[in-house]
Structure formats: C-alpha cells, structure tokens
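Here is a report on one protein chain. Look over the sequence and the model first, then read on.

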Amino acid sequence: MGRITDTVKVLLITNVIFFIGSLTIGNSAFNLFAFWFPYNDNFHFWQVFTYMFMHSHEGINHILFNMFLLFMMGSQLEHSIGQKKFLFLYFSAGFGALGLQLLFYYLEFQPGYQSFVQAGFDKNEILEFMRTGRYSTSVLKYTTEITINDMYGAYMSHMVGASGAVSGVIAAFGMLYWNQSLYLMFIPFPIKAKYLMAFYFVPDLIGGITGQSLYGTTNIAHWAHIGGAIIGFITMWYWKKNSFNQHRWY
C-alpha cells in the first residue's frame, strides 16, 4: 500500500474532526452541514460541499467503513495520478453522488407537488404543509396518499457521508489496479479489486432499483454511491485514454 499521502491524511483528519464536532454540537450541526432537500428550510448552498464530511451518529460504522476504504486505496491512487487529479476526482465524485441522489429525490417530490398545484395551493401553502405535515384532503382528488408521503419524504431527506466520494476512489482504483489483491478487515484472505468493486456496488444497484436494501438498513443513499462510482469510472477512463504515460499523470 505504501506511505499514506498528505492529502489522504488531511481528508481522514477532517472527517474525524467533523464527526467529533457534530457529536458535540448535536442536531444543529446536521441542520447546518448535512445536505437537505433544496425546498427544506434547513438547506444552505454550502451543504453541497460540507455533507461529504458529515457522518451518521448511529454508531461508528458509517465513518469507520468510509475512512478505512479511503485509507486502503486513496494513497496508492494519488501516487499514480497526482494530488491535483486525486482531489478533482474525489470531490467530483462527491458532487456527482449528490446530483444523482438528488435527481431521484426530485422524481419522488415533483408528482406530489404538482398535485397540490392542481388543487389550487400556492407555493407558500405547499411549503407550510411540508413544514407541518398537515394538508387539506381536497388534494386527494388529484393524487394518492402514497404520492404525498413520497413528496414529504423527499422534502425531509438529507444526505451525509463521504461514501459518494469514496465510491469514486474505489471505481478509479479498480480501473487502474483491476487484478490487485487487497486485504480488508474481517476477511482472512486477499480479494482482488475487481471483486471488491462488485461486492461494493452491486448491492447498491439492487437497492436503488428495488428499494430493498441488502445492508439491513433503509437510510442508505444507494444512488449516491452509484453516482460517485460513475464519476470515478468516467474520469479515470478519460485520463487513461488521453493522459497516460509510462511514468505518472500530472
């Protein structure tokens, strides 16, 4: 694996600082730094960046798993492509993860919103419903309770975690080191990068399509993982095609 790079070290430390700080501050930290659906009163523009450093407080597994994967693959990837391209890939994957997941939130939100518009409600009235969860049953002439619940769920959704950015790192690493063997926690034998990619991304693809998580929890943003991986894959494919030489990318 080699020496851990300064870039990966800073990312690890920053994530840990955010995690400890948010534990200390509590829910107000999530209101400020998690990414909230844009119609939500908690939404702020800086959240498109800060959400990548926030992690769930429901145990330590969320941040531990993300940081372990970043530690395992980040430095070797950075040694191969250079610091600037590594940072570009990492944050681009994080933004791509957010973009794809947000698209699916909008697909859940818009049908209900349009039903309220058809029922004669203005934007302020609709936002008041979303804040309180109470609405006039007259809207049910134009839609169903399931659609309204999906709309409200999208409004209340928020995203945290480095998973999207790390997914981009995993996808890029897999493209460069397809057959390299890795030793992971709790697995007593080496596993090749290509199998790790399948193990990591196939459950997300199934969960995103079916809505049934194979991880045993329902609060995973599966499409964010897929979005980050797509950006990592496309970016590395482009660099390999156009910028590769026998020594190093700059």
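## Terms and source

Buried means under 20% relative accessible area, exposed means over 50%, and partly exposed lies in between (1.4 Å probe, protein chains only). This is a predicted model: local features need pLDDT of at least 70, side-chain atom pairs count only at pLDDT 80 or more, and totals for chains, interfaces and linings use all residues. Residues are numbered from 1 along each chain as its sequence is written, and side-chain values use heavy atoms, with hydrogens and water left out.

## Overall layout

The chain has 10 helices and 4 strands. Helices (H or I, at least four residues) and strands (E, at least two) are DSSP runs, numbered from the N terminus. Their order along the sequence is α-α-β-α-α-α-α-α-β-α-β-β-α-α. The C-alpha trace spans about 65 × 40 × 35 Å along its principal axes.

Of the 250 residues in the chain, 45% are buried. Contact means heavy atoms within 4.5 Å. Among contacts with a separation of 6 or more, 70% are between residues 24 or more positions apart.

## Surface and charge

The chain exposes about 13,200 Å². Carbon and sulfur atoms supply 63% of that area. Accessible areas come from the Shrake-Rupley method with a 1.4 Å probe; for residues, only the protein chains shown count as cover. There are 13 positive and 11 negative side chains. Lys and Arg count as positive, Asp and Glu as negative; His and the chain ends are not counted. The centres of the two sets lie 19 Å apart, with each charge placed at NZ of Lys, CZ of Arg, CG of Asp or CD of Glu.

Ile230, Phe233, Ile234, Trp237 and Tyr238 make a nonpolar surface patch of about 520 Å². Patches are made of residues with over 30% relative accessible area and no salt bridge; like charges are joined within 9 Å, and nonpolar side chains (Val, Leu, Ile, Met, Phe, Trp, Tyr) within 5 Å. Ile234 sits in helix 10 (residues 222-243). Its relative accessible area is 47%, so Ile234 is partly exposed.

## Salt bridges

How many salt bridges are there? The count is 2. The rule asks for a side-chain nitrogen of Lys or Arg within 4 Å of a carboxyl oxygen of Asp or Glu. Asp41 pairs with Arg131, and their closest N and O atoms are 2.6 Å apart. This pair links distant parts of the chain, 90 residues apart. Asp41 lies in the loop between strand 1 (35-36) and helix 3 (47-50), while Arg131 lies in helix 6 (residues 123-132).

Arg131 also forms a salt bridge with Glu128, at 3.5 Å from N to O. These two are 3 residues apart in helix 6, so about one helical turn separates them. Shared partners join Asp41, Glu128 and Arg131 into one network. Are its members buried, partly exposed or exposed? Asp41 is partly exposed because its relative accessibility is 48%. Arg131, at 41%, is partly exposed. Glu128, at 42%, is partly exposed.

## Selected residues

Thr5 lies in the segment before helix 1 (6-25). Thr5 is buried because its relative accessibility is 5%. Phe49 is in helix 3 and is partly exposed at 37% relative accessible area. Phe49 and Leu176 are 127 residues apart in sequence and 27 Å apart in space, C-alpha to C-alpha.

Tyr106 belongs to helix 5 (residues 83-118). Its relative accessible area is 28%, which means Tyr106 is partly exposed. Glu145 is found in helix 7 (residues 145-156). At 49% relative accessible area, Glu145 is partly exposed. Glu145 and Gly112 are 9.1 Å apart, C-alpha to C-alpha, and 33 residues apart in sequence.
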